[in-house]
Amino acid sequence: MRSDGEPPLQPGQAATRAFKEDTGVEPTYRIAAQKVDIGTAAEAKALVSNPADAEGKVPAVAYVKYTHLRGATMKEYPRVGDYAEVYADGRRGAKVTGGDAGRPKGCADSDEIKNWRSGQSHLLCNTFLIPSRARSVEVMWTEIGGEPFVWKF
């Protein structure tokens with residue numbers, strides 16, 4: 001469900017929202033979940049320190065494109081990408097953090113983005129562990145207390 005009550009978005013379809021960054025800057029972003037790559041059980045085990053934590057799970061990487069549409073330049077450390085999550089069969093996956101998660105090819109590191117100006121886009125990616133037998137996968141983006149944008153895959 002989108003914030004305006006319409007059905008879920010399709011892959012690549014964009015939604016727009018102003019987002020207050022931790023620095024106080026509040027740019028308007030166009031947000032579009034591009035794809036979700038589903039990995040293997042072996043890849044899931046390699047992402048966690050305790051392989052038992054990955055039992056019955058596979059990694060799901062959400063690729064989300066953010067375009068700074070208007071507002072002040074985001075000097076550094078944008079957090080807009082931290083709010084994308086992967087859901088499988090209606091349940092939130094477990095987010096994989098830290099160096100072991102790696103960064104898929106083509107994905108930017110939000111900690112390295114500097115001086116993000118209007119008109120510029122970045123592809124930011126998040127990895128979650130989801131059940132290996134999941135039948136439906138969605139990407140949800142929402143800020144705390146906000147209405148979600150949901151893409152069905």
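**Backbone and core**

Modeller: Asn115 sits in strand S8, residues 114-116, where strands are DSSP runs of E with at least two residues, numbered from the N terminus. This is a predicted model, in which local features need pLDDT of at least 70, side-chain atom pairs count only at pLDDT 80 or more, and totals for chains, interfaces and linings use all residues. Residues are numbered from 1 along each chain as its sequence is written, and side-chain values use heavy atoms, leaving out hydrogens and water.

Colleague: What is the phi of Asn115?
Modeller: Asn115 has a positive phi of about 55° although it is not a glycine, and Asn115 is partly exposed at 30% relative accessible area, a class lying between buried (under 20%) and exposed (over 50%), with a 1.4 Å probe and protein chains only.

Colleague: And where is Tyr77?
Modeller: Tyr77 lies in the loop between strand S4 (74-76) and strand S5 (84-88); Tyr77 has a positive phi of about 55° too, although it is not a glycine.

Colleague: New topic: how many residues has the largest nonpolar core?
Modeller: That core has 28 residues, and those with the most contacts inside it include Tyr29, Val64 and Trp151; a nonpolar core is a set of buried Ala, Val, Leu, Ile, Met, Phe, Trp, Tyr and Cys residues joined through side-chain atoms within 4.5 Å.

Colleague: Which strand gives the most to this core?
Modeller: S3 does, with five residues.

Colleague: Is Thr127 buried or exposed?
Modeller: Thr127 counts as buried because its relative accessibility is 9%, and Thr127 is found in strand S9 (residues 121-131).

Terms used: Helices (H or I, at least four residues) and strands (E, at least two) are DSSP runs, numbered from the N terminus.
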